[in-house]
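Please read the sequence alongside the structure displayed here. The explanation below is meant to be followed chain by chain.

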Amino acid sequence: MNTRELTAQSMKVPQLIPGFSLWFRQLMAITRIEFVKALLSRRALSCYGLALIPVLLLTISGFQKNDEDLPVFETIENARQIYAYVYSTLILGGVIFLGSAAIFTSLFRGEILDRSIHYYVLTPVRREVLVTAKFLAGLASAFILFGLCAGICFLALYIPFGIEQIISDLSNGIAMQQLEQYLGLTLLACMGYGAVFMATGLLFRNPLIPVVVIAGWELIHFILPPALKVFSIIYYLKGLLPIPLDERPLAVLVAPPPVWISISGMLGLCLLALGVTIILLKRLEVRYTDE
Amino acid sequence: MNQPVVNQSEGVGDNIVLRDLSKFYGDVLGVNRINLKLEPGITGLVGPNGAGKSTLMNLIAGLNSPSRGSVEVLGVKPSRTEKFYSQLGYCTQYDSFPSGIDGYDFIRNTLLIHGYDKSAAEALTQQALQQVDLLKAANRPVDAYSKGMRQRIKLAQAICHTPQVLILDEPLNGLDPMARAQVIALFREFADAGNIVLISSQILHEVDLISDRVVLLNSGYLVAEGDLTHIQSETGEPMKIFIRSSHANDIASSVFGLEHVVEVQLHYDGEGLFVRSSDADAFFLALNGKVMAEGWHIESIGPADETVEAVYQHLIVEQQVAT
Amino acid sequence: MAIFQKAYQGYAGELTAPLQRTLVIFRYALADVFQSRIFTAFFLLCFLPSLLLLCVIYTYYNLELLMQFEVPIEDFIAIDGTFFALFMQYPQMFLLFVMIMSIGPTMISPDLRNNAMPLYLSRPINKASYIFGKLLVLLFLGSLISWIPSLILIFLQAYLAGDGWLINNLHLLAATVVTSLSWIVSLSLLAFAISASVKWKAVARLFFFAFYLFGSILGEVIKAVFGGWGGGLVDISSAAEVLVLAMYDADASYMESSMEMPIWAAAFMFLAVSVLAALVLTRRIRAFQVVS
C-alpha cells in the first residue's frame with residue numbers, strides 16, 4: 001500500500017451542513033441500524049419466544065374442548081371475553097411489559113454492557129436525534145412483534161367458528177373495531193413502557209432493579225388508592241380495553257380515565273421519559289467498568 | 001518548570017487547547033491541572049501505566065467530562081457534538097465492537113450515522129478500508145478478526161470521515177512490523193497535511209520515530225511537553241554526545257581535561273567515543289578549536305540521548321526511583 | 001553438575017480428594033458473593049423473620065407476659081403445620097427467591113464470558129464438581145436462612161409445648177428440609193442455566209425474574225382458559241405452594257392456593273426444572289472456547 005498514492009486518489013469528502021435534512025438522514029440511518037439489531041439479531045430471539053406463547057395458547061384453545069366436550073370458546077362473545085382477559089393479563093402484563101423491558105433497556109444499556117456505546121458517542125449526531133432514532137427503532141420492532149402477536153391471537157379466536165364468522169365480523173365492523181383498539185393499545189403500551197425502560201436503561205447499572213420495581217408497582221396497582229393509581233401505566237391502558245374486565249378481589253374501584261386522558265397521558269409520559277433520556281445521555285461518561 | 005498557562009485566545013482555532021484540565025474518579029486522580037496546547041503535527045503521549053494517558057485522551061474526545069477545566073478542539077467544545085465530532089476521529093483502547101457486525105458494515109454504518117448519503121458512505125468506506133489494507137477481509141465478522149485486524153478496523157473507523165484531528169490510543173498494539181510501517185506512514189501523511197495527530201504508546205522507540213513532539217505524563221501530572229531537544233536541554237542533565245572518529249583516543253584524552261566534561265567513554269571498536277558535558281555549547285566550541293588545531297578527522301558527531309527513552313528514563317523512571 | 005536442565009516437570013505428587021477440590025470453587029465463589037455490601041446487608045436481614053418468629057413462639061408460651069399486655073390467648077391461632085407453613089416457610093421461600101435471583105445468575109456467566117472455563121476444566125476438576133462447587137454456595141447460604149433456623153424454631157416449639165408435640169408433628173421436620181432444599185436446588189440450577197446461556201450477569205438476573213414472573217402469569221391464564229391444574233406446570237411458585245401445603249399438612253383455607261395440583265405433579269415440576277437446567281448447564285459448560 002502506498003499512502004502517497006492513496007492520498008492522491010482520495011475522494012473529495014462531501015460537506016455535511018447541520019440542519020433538518022442532515023438530522024433526518026441521521027435519524028433514518030440510526031433507526032434502520034437499530035431496527036435490524038432489535039428485530040433481526042440473536043438478541044431478539046427471547047422476544048420472539050415471548051410473543052409466540054400467547055399465540056400458541058390461543059391457537060391450542062381454539063381446537064380444545066372443555067370437560068363437557070364443548071369448545072373452550074363456547075360463543076364468539078365468550079371468546080372475546082377470554083381474549084380480553086388473555087390480552088390484559090398475559091399480552092399486556094407479561095409479553096409487552098417484559099418484551100419492552102428487553103428491547104428498550106438494551107438500546108443503551110446493552111451497548112454499555114457490550115462496550116460499544118462510545119462508537120455512538122463519538123459521532124457528530126445531536127443527542128436528541130440519537131435518542132429519538134433509537135426510540136423509534138425500538139418502538140417499531142416492539143410494535144411489529146407484539147402487534148402481530150395481539151393480531152394473530154385475535155384471529156385465533158375464530159378457529160372454532162370458521163371463516164364465515166371472521167368475514168361477517170370484519171364486515172359489520174365489530175371485529176375490526178376491537179382489533180384496532182387492541183392494536184392501538186399495544187402501540188401505546190410499547191410507547192409508555194418503552195420510553196420508561198429506555199430511560200431506566202441509562203439511569204441504572206443493574207436493569208433488574210427498575211424492571212422489578214415497575215413490575216411490582218404495576219402488579220399491585222389494583223389495590224392502590226386513586227391518588228397513586230394515576231402513576232401506573234396499566235391504569236391508563238386498562239381504561240382503553242374494548243371489553244372492561246372485572247376487578248380482582250380487594251381492588252380499589254375507580255372509574256377509568258377518559259380516552260383522551262389515557263392517550264395524552266401516555267404521550268406525555270413518553271415525552272417526559274425521552275427528555276430524561278436525552279439529559280442522561282448528554283451527561284453520560286463512557287467508563288466501562290465490570291458489570 | 002511550571003506548566004504554561006494557555007491564554008483564552010491563543011491559537012485556539014487550529015489547536016487542541018486544554019486549560020486547567022482535571023479529572024477525579026472519587027478519590028482517585030485521573031489527571032490534574034493539565035494546561036496544554038497541541039499543534040498540527042504528530043504528538044506522542046508517553047507515560048507509565050496509570051499515568052493518565054487514556055483519561056486525557058477520553059477527556060479530549062469528550063467521552064468523559066472534566067471535573068475541572070476545559071477542552072477545546074479547533075476552537076470547539078465537546079458539548080457542540082455536531083461540529084466537535086465531525087472534525088475528530090478517535091481510536092480508543094477498547095477492543096470491543098457492536099456484536100455480529102462485519103468490517104464493511106462497521107465503517108459504513110458509522111458514515112451513515114454521520115449523515116453521508118449511501119453512495120458517499122460506500123465510497124468513503126472503500127477508501128478507509130483500503131487505507132488500512134482490510135478490503136479483502138471487509139465482509140468477515142469483526143468478532144472473527146485477529147487482534148491486528150481489529151486494531152486496523154478501529155483505525156479505519158477513526159479516519160473514515162477524514163477528520164482534522166486524530167486521537168489514537170496505543171494504535172500500534174497488535175500490529176505486525178509491516179502493518180506498523182504502513183500505519184505510521186499513514187499518520188505521517190495525515191500530519192503533513194496540517195492535521196493534528198495525538199498518539200499514545202508504550203513503545204518509546206516508535207514514539208521517537210513518529211512524533212514531532214512529546215507530552216510526558218506521570219501519575220496524572222504533566223511532566224514535560226515540547227520537542228525532544230527542548231525537553232532534553234531543560235532537564236539539566238549533562239548531555240551525552242557521540243563522536244565517531246579514527247582519533248577517538250586523542251580526542252578522549254584531550255576533552256577529558258575540560259571543566260564541563262563529566263564523563264568520557266571510548267567505544268569498544270576504538271573508532272568512537274561518548275562524552276557527557278554539562279554545557280553542550282561550550283563543549284562544541286572547545287572541540288571545534290581542538291579539531292582545527294590538531295587536524296583530526298571527525299566522521300560524525302551528534303547527541304546520543306535525544307530520544308524519548310532517554311527523557312523518559314530521566315524524568316519518570318529516575319524520579320520514581322528517587323522517591 | 002553445576003547447571004541443571006531447566007525443563008517443565010509436571011506435578012507428580014498426590015492430588016487432594018475430589019470433594020476438597022470442589023470446596024476450592026465453593027470457597028472462592030462464597031468470598032466473591034460477600035464482596036457486595038448490599039448483598040451482605042440483605043443476607044443479614046434474612047435472619048430477621050426467624051428471629052421475629054422465635055419471639056412470637058416464646059411470647060405465646062409466656063402467659064404472664066401476654067396477660068400483662070391483656071392479650072386474649074384464644075385469639076391466637078394454634079402453632080402447628082399451618083402456622084409454620086404460613087409464617088415460616090412462605091417468607092423464607094420469598095427470601096430464598098430474592099437471594100438466588102441476586103447471586104445465582106451472576107455465578108457462571110462471568111467465567112464463560114472471560115473464557116475461564118478452559119482454565120477451570122484443565123485442572124483436575126470436572127463439570128460436575130464445578131457446578132456442584134457453585135451450587136454449594138447457594139445451598140449453604142440458603143440453608144442458613146431456611147431449614148436450619150426452621151428446625152431450631154420447631155425444636156423450640158416442641159420444647160415449650162411439651163406433651164409429645166414433636167411426636168405428633170414429626171412431619172414438620174421433613175417438610176421444612178424437603179421443601180427448602182427442593183426450592184433452593186431447582187431455583188439455583190435454573191439460575192445457573194440462565195447464567196450459562198446469557199453473556200452478561202445483569203441480563204441473566206433479568207431473565208431469571210422474567211422466567212418467574214411470566215411463568216406465574218401464564219399459569220394463571222392457562223387455568224382461566226382451560227381450567228384444571230395444568231397451569232401449575234409452568235408456574236414454579238404454584239408448585240411450591242402445593243408442595244408446602246401437602247408436606248406441612250396445612251389448612252388450605254388460609255392460603256391463596258390457586259391451583260388444585262396433585263403433589264406428584266408439583267414434585268415432577270421441580271424435578272423437570274432441575275433436570276432441564278442441568279442438561280443446559282452440561283451443554284454450555286465446556287472445556288473449550290467457541291469462536292463464532
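This is a predicted model: local features need pLDDT of at least 70, side-chain atom pairs count only at pLDDT 80 or more; totals for chains, interfaces and linings use all residues.

Residues are numbered from 1 along each chain as its sequence is written, while chains are lettered from A and ligands numbered from 1 in the order in which they are written.

Chain A contains twelve helices and zero strands; here helices (H or I, at least four residues) and strands (E, at least two) are DSSP runs, numbered from the N terminus. Its C-alpha atoms occupy a box of roughly 85 × 45 × 35 Å along the principal axes. Of its 291 residues, 39% count as buried. A residue is called buried if 20 or more other C-beta atoms lie within 10 Å of its own, exposed if 12 or fewer, and partly exposed in between, with C-beta atoms placed from the backbone. Among contacts in chain A between residues at least 6 apart in sequence, 84% join residues at least 24 apart; two residues are in contact if their C-beta atoms, placed from the backbone, lie within 7 Å.

Chain B has eleven helices and 13 strands. The C-alpha trace of chain B spans about 75 × 45 × 35 Å along its principal axes, and 44% of its 323 residues count as buried. For contacts in chain B between residues at least 6 apart in sequence, the share that joins residues at least 24 apart is 68%.

Within chain B, six strands form an open sheet of mixed pairing, in the order β5-β6-β7-β3-β8-β9; two strands pair if DSSP finds at least two bridges between them. Strands β5 (88–91) and β9 (221–226) of chain B stand at the edges with a single partner strand each, so one side of each lacks a neighbour in the sheet. From one strand to the next, the twist averages 15°. Strands β6 (residues 165–169) and β7 (residues 196–200) of chain B run parallel and are joined by five bridges, with B:Leu168 opposite B:Ile199 in β7(B).

Two helices that pack on this sheet can be located next. Helix α1 (residues 53–60) of chain B touches β3 (41–46), β6, β7 and β8 (213–218) of chain B, and its direction makes about 150° with that of β6(B). Helix α6 (residues 177–192) of chain B touches β3, β6 and β7 of chain B, its direction making about 145° with that of β7(B). For these angles, axes are lines fitted to C-alpha atoms, for helices over the stretch in contact, and angles run from 0 to 180 degrees between N-to-C directions.

Chain B is divided into domain 1 (12–228) and domain 2 (233–322), with bounds from an automatic or database domain assignment. The centres of the two domains of chain B, taken over C-alpha atoms, are separated by 38 Å. Their contact takes 14 residues from domain 1 of chain B and eight residues from domain 2 of chain B. On the domain 1 side, β3, α7 (204–210), β8 and β9 of chain B each supply at least two residues, and α7(B) gives the largest share, four residues.

Finally, helix α8 (residues 127–145) of chain C has 19 residues and reaches 28 Å from its first C-alpha to its last, close to the 27 Å expected at 1.5 Å a residue; the expected span is 1.5 Å times one less than the number of residues. Buried residues of α8(C) include C:Gly133, C:Leu138 and C:Ile145.
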